[in-house]
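The structure is shown first.

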Amino acid sequence: MDDVWPWLAALPPPAGEPDAPPRPPWSLQLAASPDDGASIVLQADAAAPADGGGGEPALVVFSISIHSANNGVPRVLWTSDGFPASSPAALRVQLLVQLLDEVVALSPSVPCLGTSMDHGNASEIKMDAEVVSGVVRAAGADDDVSAPAAAFFLLALLLRLFWLCALDAPADSGYLFFRVLGAEIERALGDCRPALGVFLRSVGPDVEERFMRSLGYMLAKWCLLREIQDGSSAAKPTAPPRRRALPVACSSYAAEVHGLWVLKGYAPVLAMPRVTGAASTPSVTALPHEAPEEPALRYGLVHQQLEAVAQLEYAVRARDRRFMAVSVRVVNVRVRVARLGYRKDDDADANDDDDEVMDGERHFPSRIRLWVGPRFGASYATGPSLGRSTGNPERDVEMTRTVKGAFSGAGASKLANGSGGVVPRIKAKMRSSARTRNQSWRWEQEAEGSAAVFEGVLYDPVTGTEVSSWRPGFGGGGGAGAADPRNGMRRRYAGPGRAFSKMRGLVVAGDELPEEVTWRVGREAEGRTVRWRLGLKAWVSYLPNEVRSRHFETRCVEWAHEVELPLVVVNGDGSATD
């Protein structure tokens, strides 16, 4: 499918030009089965204008159809709107706009704000052609073979084609899609990163979330198919092993916006590599706990996506004539594992309880590591100077000593010397109690070279076990004898002591991480714009919440980017110094 982008550029220019090529229809084969010869074809056709005016056709219509091996009548799966060939926007940009509109409308997003305010307006979202044209230009698409722009269009086309195969095409079309176009998906994801980042920053967080969930649903299906194929080929001793993780499917971008460094990442859970302990065996994937026994649980855990946002605020101040101070603090870290599915609204009363139970059976963040600092190898900055000490847990010990005595009178003392007397008694008791303050999340600051590291670890509130590193029989956090956290992590989204929000996510703000981290930079660098590194690593774990299952696992993903830091000193009122 490398020739889709230049093929679209070669379509007829506006009518009347002397060098206009022959009139469509033009067709391009997108995929073909090596077995039965079935193929998926993209076609462009000329159409008369809606008002029926004469002259050359003014509209171009695209269609996607399936051609069978016996040369029967092609089955048209999709037809685009009519695009005016004389429009200032190129035909391929107009087609890209419609593809993006439709994949956003098909996003499997479960609404949290109510159907009337959120999900019901999804089909009304329309991309701005100018915004999409700007994305294409920013990706360097002045030429017809620009890799980022061509790969981004290819990704949008593959995503729309996936939804066609999932909803409208025969069952064998979906198999043909992944079998023939799986390599194209992987290549498009790798090549389109610059254009995808520009697109996500341009359309706003609402459209961004829906687009990435639509993409995540396709990637979850693809990862599932890869695992099934790996499982079937594992029985063949000659089949080479293949990594199940798919790092290219874990998309992210970072940017400097309004004084904030923002990093956003999206990762289908199946695309994240599984974390295995040092003492685990090479055949850990064959252990019983690695595969959920229940079909509903297995389906739910496959269709999940990690969504992470990190916002850091930076400031450059002049505290001394000799240097500038660059301070960074965490504004927000938001991590959530979203379900990639649809809510059944037509029979809500009957399925509400089951849906609520399965909604809680999802992975949850168990460890977060965020780092920021000058580019690796830079020597102009001194630091970092951390703002938080290593944890020093509080422990309150209360001790009470009580002495109780019983003394008899003089007469009783005389009787005590004789027979039948009562001996005076004295009782002493000492009672002590210890009280500790525990939190589910423990946050720390560390330094790695010139970078500052913010790290948070989740502990089981009952046993105190570090969840992300726990393995049965191997321990975790507390050593080889660490207690089992599965009972303590049950019903983790209910009750006043829960470690997660009711939307099944984690939010860390300035009240949890108020301390700044600072670097010192010489005044000779003032006015320059330098590159800093920003990264995020997230661990997600699964332990049963409501259902009874032996399944558990921990997976992780890591993103790293570079962002810009303008070394412009700002006063307390927000104005720059001269």
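## Contact of α4 with α5

In this predicted model, A147, P148, A151, L154, L155, L158, L161, F162 and C165 in α4 meet S173, G174, F177, F178, L181, E184, I185, R187, A188, L189 and D191 in α5, where contact means heavy atoms within 4.5 Å. By class, this contact has 15 nonpolar, two polar and three charged residues.

Helix α4 (residues 147-167) packs on helix α5 (residues 171-191) at an angle of about 155 degrees, and their axes lie 9 Å apart. The two helices are therefore roughly antiparallel, a label for angles over 145 degrees, and their crossing is left-handed.

## Contact of α2 with α4

Helix α2 (residues 91-105) also packs with α4, at an angle of about 45 degrees and with the axes 9 Å apart. The crossing of α2 and α4 is left-handed. Here R92, L95, L96, L99, L100, E102 and V103 of α2 meet F152, F153, A156, L157, L159, R160 and W163 of α4, and the residues of this contact divide into 11 nonpolar, no polar and three charged.

Apart from neighbours within four places in sequence, F211 is in contact with L100, V103, V104, L159, L196, F199 and L200.

## Basis of the values

Residues are numbered from 1 along each chain as its sequence is written, and side-chain values use heavy atoms, leaving out hydrogens and water. Because the model is predicted, local features need pLDDT of at least 70 and side-chain atom pairs count only at pLDDT 80 or more, whereas totals for chains, interfaces and linings use all residues.

Conventions:
Axes are lines fitted to C-alpha atoms, for helices over the stretch in contact, and angles run from 0 to 180 degrees between N-to-C directions. Helices (H or I, at least four residues) and strands (E, at least two) are DSSP runs, numbered from the N terminus. Angles under 35 degrees count as roughly parallel, over 145 as roughly antiparallel, 65 to 115 as roughly perpendicular and the rest as oblique. A crossing is left-handed if the near helix is turned anticlockwise from the far one by less than a right angle, and right-handed if clockwise. Ala, Val, Leu, Ile, Met, Phe, Trp, Tyr, Cys and Pro count as nonpolar, Asp, Glu, Lys and Arg as charged, and the others, Gly among them, as polar.
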